[in-house]
Amino acid sequence: MNDTLTSHVIGQRVEVNGEHATVRFYGIVPPVAGLWLGVEWDNPERGKHNGSHEGTVYFKCRHPTGGSFVRPNKVNFGVDFLTAIKNRYVLEDKPEESEKEQIVTIGNKPVETLGFDAVKKQQSENKLRFPSESPSPSGTFTTLKVLVLSRTGITWAEVLWCAAGWPVLEELYLESNNISISERPADILQMVTLLDLSSNQLIDENQLFLIAYLPRLEQLILSDIGISSLHFPDAGIGCKTSMFPSLQYLVVNDNQISQWSFINELDKLQSLRALSCLRNPLTEGGRAESTRQFIIARIGQLETLNKCKILPEERRGAELDYRKAFGNEWKKAGGHQDPELNRPNEDFLTAHPRYQLLCLKYGAPEDGELKTQQPFLLKNQLITLKIKYHNELDDKVIEKQLPDSMTIQKVKGLLSRLLKVPASDLLLAYESPKMPGREIELENDQQSLQFYSVENGDSLLVRW
C-alpha cells in the first residue's frame, strides 16, 4: 500500500506505535532521500517540532511540539470500514452479570441497550476530518439542539463552517480541542444559549470579545483556559457593558485569576446572576469565607456563587464587612462622611468601583467603625448589644457585652440560662439603627454574630 501513496493521504487519520495522529504533509524532506509523512499528533508531547525543518515550513501544527516526520512504512492507515466498526463498537464477550442493561426511549418506544457506556466512551475518542471540497452543510441538521464535539480536534473555522447546518442549535460543547477563536460568528450560532470552551488553552480575553455579541448566550463555561485578566473597554466605572448581553451563568474554574480587577469587571455584565470561580490563585489560601464575601460585595447582582445561593442576609453582611474593611483606605483616598466632601481618587474607585454605591446604601463608615483593633485581645472583640425579650408582664431590655466571634448556638445557650428557657425554643433576630424597621433573622446556629454583621449598639430580639 505504501508504494501507491499519493497526496490524497493528507488529512487522513493514522496510528504510529499506538499513538494517533493526522497526516499534514506528504513528500520529500531534503537532504534525506525518500518519501516522508508529516503528522500532527493528538498528544503534542509526542512530537518534536511545529512542522518545520531547517528553516522550511512543510506543514503547520497547533502546538509548537505537535509535529513529526515519519516514514510511510511505519504508519498504520487502519482497516476497512466494517472491521473498524466491529473493533470500535462491538464489545468483547463478557459474562452476563458484568453487562449493564439500560432502557432508553426513542420516540415513544423503549429500547434495551447493553454495554452502552463502553460505546459512549469509545465514541468520545473520535477525531473529525473535513474534506477540502465538502459541499455547504446548510440545511443538514435543521432540528439539532445539543451537540458535543469535545476532544474531536475540530477548529474554530470548522465550527463556523458547519454552524450553517445547525440553525436552531442551543448547546455546543467544544472542550479540549486546542481551539483559538479566530473570527466572529456572523448570522450563525444565534440561538446558542450554552457554550463550553473549557480546556482550550489558546483562548484569551481578546478572543472572547469575538463571541461577546451572541444574542442568546446565557451560560459560558471557560474552565481551565488559562485566563488571568478581563477588561470590557466599552464600560467605565459603575457602568454596564454591551457585551454578553444575555449571559447569566459564567464558569471560570481552574484558571490563573489572581487580581480583584477581574471580579470587578464581572459587575459590568448586565445579566450575570451566577458565577463559579473555584481553584484560582485569588480564591486559594487565606480565608475562604472572606474571599466569598468580597466577591459577593463586588458583584451587586450576583445571586449564586460556586453553586451556593446568596441569601439577602449574607449579601447584607458581605457588603457591610467590605465597606468596613476598606473604610480607612477610602478615607485616605479622599472619602468623607460629608457628601459634599466625599471625593475618593480615581485609583480607589478603580480598585473598589462599588464602594460609593455601598456608602449610599448603608451610609458612609463612621470613625468608630474604622478604628484599628488588636484582633487577639478579647476586649477589642466585644460588642455591646441590647437584648430585648417579653416576659409575662411587659417587654424587657438588658445590655450584654458579647464577643463578635460568638456563634448563634452559644448565644442561645447563654440566653437559655439567663431566661430559663430551653435553647431549642429560642428564635433570634436583630435590628440595627442603620436599617430601622427591618429585622434580620439569625437562622444558622453555626455562624457567628460577625457573620451576620451584628455591630456595637444593635438590638438582639429574643422570642420563644
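**Strand pairing and salt bridges in the predicted model**

Strand 17 (residues 382-390) pairs with strand 18 in the antiparallel sense over nine bridges, where two strands are taken to pair if DSSP finds at least two bridges between them, and where helices (H or I, at least four residues) and strands (E, at least two) are DSSP runs numbered from the N terminus. The model is a predicted one, in which local features need pLDDT of at least 70 and side-chain atom pairs count only at pLDDT 80 or more, whereas totals for chains, interfaces and linings use all residues. Residues are numbered from 1 along each chain as its sequence is written, and side-chain values use heavy atoms, with hydrogens and water left out.

Within the pairing of strand 17 and strand 18, Tyr389 stands opposite Lys396 of strand 18. An open sheet of five strands, with mixed pairing, has the order 18-17-21-19-20. Its edge strands, each of which pairs on one side only, are strand 18 (395-403) and strand 20 (440-441). In general, the strands of a sheet pair through backbone hydrogen bonds, either parallel or antiparallel.

Turning to the charged side chains, the count of salt bridges comes to 15, a salt bridge being a side-chain nitrogen of Lys or Arg within 4 Å of a carboxyl oxygen of Asp or Glu. One of these joins the side chains of Glu303 and Arg273, with an N to O distance of 3.8 Å. This pair links distant parts of the chain, 30 residues apart, since Glu303 lies in the loop between helix 6 (288-298) and strand 15 (304-305), and Arg273 in the loop between helix 5 (260-266) and strand 14 (274-276). Glu303 counts as partly exposed because its relative accessibility is 38%, and Arg273 is likewise partly exposed, with a relative accessible area of 29%; on this scale, buried means under 20% relative accessible area, exposed over 50%, and partly exposed in between (1.4 Å probe, protein chains only).

A further salt bridge, at 2.9 Å from N to O, is formed by the side chains of Arg315 and Glu319, which both lie in helix 7 (residues 312-325), four residues apart, or about one turn of the helix. Both Arg315 and Glu319 are buried. Glu319 also forms a salt bridge with Arg354, whose closest N and O atoms are 3.4 Å apart, and this pair connects distant parts of the chain, with Glu319 in helix 7 and Arg354 in the loop between helix 9 (346-351) and helix 10 (355-362), 35 residues apart. Arg354, like Glu319, is buried. Arg315, Glu319, Arg354 and Lys361 are linked in a network of salt bridges.
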